[in-house]
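Subject: Structure for your files

Dear colleague,

Here is the structure I said I would pass on. My notes on it follow below.

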Amino acid sequence: MTGGALLRQVALLALLFVTAGFWIYFSVAAAGFTSDFNLFSLLRFAAIQITIGFAQMVALSIGDLNLAVGAIGGATGMVAGWAMQILGLPPEVAVLFALAAGTLLGFGNALLITWTRINSFIVTLATASLITGAMLILTHSDPFSRLPDSFTSFSETEVAGLPVSNLVLVMLAVGVALFFLYRNLSLGREMLAVGANRRAARMSGLSVDRVVLLTHGLSGALAATAGLMAISADHTASPSLGSDWLLASFVAPAIGGTLLSGGLVSVPGTIVGGVLLATISNGLLLVGIDNFWITVFLGVVLLLAVVLDRVTRAAGGAAP
Amino acid sequence: MQRLRSLAPGVALGLLVIDLVGMVVLSVARPQFLSTYNLFVTGRDLSILLLVALAQMIVLSLGQMNLSIGSIGGLVAIIESGLMVRYGIPVPLALVAGLLLGIVCGVINGLLVYWTKINSFVLTLGTSYVFAGINLGITHATPFYHIPNEISSFGQARVGAFPIMAAVTIVLTLLLAGFLSQVVLGRQLLAVGGNALAARLSGLPIRRATLTAHAISGFFAAVAGTMLMAQLGQGQPTIGATWVLPSFAGPIIGGAALAGGSAPVLGTVLAMVLISLIDDGLVLVSADPFWVQFLIGALILGAVVLGRTRLSDIRALLRISPGTAHHAGSSP
């Protein structure tokens, strides 16, 4: 057991070194990498990617998948845009509205999973298509691009004069809350127990259905958070929002050591994984590598991450 | 698994009835449904998407999945059109190269899954971005226009309302059905999907089964990509970008189980017919095209809920607890 924990610490440290290596390399090789403007946008992009990763990480922790992370993030972003632009609601209310919508959509996923006992893959594949379809039908695929300044300026504001967006603080707050959830709260431990062995969890008297419900609700709320962060940064709620989140949602947790089969999560790992993801995307673009090839690179990174994870676990021989 | 397979004819029968009702309703409500051109266009879309669905079905039958079907189709179309347009390679040679590439992509997926024993979902998610990225890196999202006339006229060729392309799909579908039911390797593939542990203990060639299923998947994806390229008359980098949903919708509505062990070719065909009826019906009533996405999602959920309800009804009737249903269900 301790061997496994040690191995995971070493893996996280290695990930940190790799990320630091990329930062050093790009600082030297890519002109403008260390400019305040670039660091600001890099970290803000990372904050959104990490929050998307959190939404998936939570579902992975109970051994489920949530293919609807992008659909929920996009749809709730549109809900917020509609609430602010059409209904004229203050941003605070619109944010609560979107978070509630995300939670409800997550609950919907969970209810379908627990009632029908259908694999979360199929359920969320189908609901992703339902949610995105409904959103496109309702909005006629028109963006909401006149968002209030007070909302869009939130993501532009620098924290204490550093090139750090408010969104980074949001992400860190979410991260701390999740760390606390998995480390200290019984719900978090129950989620991991369900993920490690659902049958055993049920046998030992855990209400698995309740855990699944809360988990998917949380995943939906996190997807909505990411959607809100993205529309604040983009200054517009676009119907295509979330359509390209699938890879990102898996890459950050997978690099960070979250087990795709459930039962083991790493919040710091997901954060570092997301920073690495954003660093690579940003830096390769700056050194003049075509955006399209970066897609190949990210695909390879995901493959390497899962294969390395497999190898280290086999070498460690320790069950999480 | 026996239980699921024995249910499949029921699924197919239900789908057949729904398809027929749908056709009758459409022809009465919108007579232009029966127009030669509409039937041709619908049939052509169906011939392409059916191959996409079968590409997923063959991998699902192993209890695995392939998220890279669309990326393989797109990459193959780009390579073929690029070879023809940019390098003037003769059409047959370019097509052979493209189809081989599809098989190679499939084998890469298969080898990764077999070697690493990692969830095929994540692995093929990774390779799908690699294949799609190579496609975009080569093309910079710009199509190869003006592909040779032999190819683009093949995309428009028809006898009456019957698209010539459909002949390719029909032949491949029959070959796949024959392979699964008549060829030893095909039977072994289903056995591996049904119970990998039992298959290993009884010495079945798991590696060969895995590689074969993924190679077939890549090949079908490549043919579908080639056919869409012929239909569009150009090598579009976006070919395959929207195939994930239909690829799963067909087999799942058709009665396949994610756990593997069943390969409902007929169910998949009928499910794809239903999807193209919905697609065409929405066009004919000039509804918002976004309804297609919504309805396919609803259809997947509806189909699995229905299938699941029936199983649990059977369980309730036999008074078997869910935990023991598997053993009890496979004995009769």
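Of the 320 residues in chain A, 52% are buried. Please keep in mind that this is a predicted model. For a chain of 320 residues, a compact globule would have a radius of gyration near 20 Å; chain A comes out at 19 Å, so it agrees with that expectation. The C-alpha trace of chain A spans about 55 × 50 × 35 Å along its principal axes. Among contacts in chain A with a separation of 6 or more, 78% are between residues 24 or more positions apart.

Secondary structure is quickly described. Chain A has 13 helices and zero strands, and the order of its elements from the N terminus is accordingly α-α-α-α-α-α-α-α-α-α-α-α-α.

I looked at one helix by itself. Helix α2 of chain A covers residues 36-61, which is 26 residues. From its first C-alpha to its last, α2(A) reaches 36 Å, close to the 38 Å expected at 1.5 Å a residue. How much of α2(A) is covered? Most of the helix is: 20 of the 26 residues in α2(A) are buried. After α2(A) comes G63(A), with a positive phi near 80 degrees.

I also looked at one helix pair. Two packed helices are described by the angle between their axes and the distance between the axes. In chain A, the axes of helix α8 (residues 186-196) and helix α10 (residues 208-234) come within 10 Å and cross at roughly 110 degrees. An angle of 65 to 115 degrees counts as roughly perpendicular, and therefore α8(A) is roughly perpendicular to α10(A). On the α8(A) side the contact is made by L187(A), E190(A), M191(A) and V194(A). On the α10(A) side it is made by V208(A), V211(A), L214(A) and T215(A). By class, the residues in this contact of α8(A) with α10(A) are six nonpolar, one polar and one charged.

Last, the interface between the chains. In it, 33 residues of chain B are in contact with 34 residues of chain A. Which elements of chain B give two or more residues to the side that touches chain A? They are α5 (120-139), α11 (244-253) and α13 (290-318) of chain B. The side of chain B that touches chain A consists of 22 nonpolar, nine polar and two charged residues.

Regards

Methods. Residues are numbered from 1 along each chain as its sequence is written. Chains are lettered from A and ligands numbered from 1 in the order in which they are written. This is a predicted model: local features need pLDDT of at least 70, side-chain atom pairs count only at pLDDT 80 or more; totals for chains, interfaces and linings use all residues. Two residues are in contact if their C-beta atoms, placed from the backbone, lie within 7 Å. Helices (H or I, at least four residues) and strands (E, at least two) are DSSP runs, numbered from the N terminus. Ala, Val, Leu, Ile, Met, Phe, Trp, Tyr, Cys and Pro count as nonpolar, Asp, Glu, Lys and Arg as charged, and the others, Gly among them, as polar. The expected span of a helix is 1.5 Å times one less than its number of residues. A residue is buried if 20 or more other C-beta atoms lie within 10 Å of its own, exposed if 12 or fewer, and partly exposed in between; C-beta atoms are placed from the backbone. The radius of gyration is taken over C-alpha atoms; the globule rule is 2.2 Å times the number of residues to the power 0.38. Axes are lines fitted to C-alpha atoms, for helices over the stretch in contact, and angles run from 0 to 180 degrees between N-to-C directions. Angles under 35 degrees count as roughly parallel, over 145 as roughly antiparallel, 65 to 115 as roughly perpendicular and the rest as oblique.
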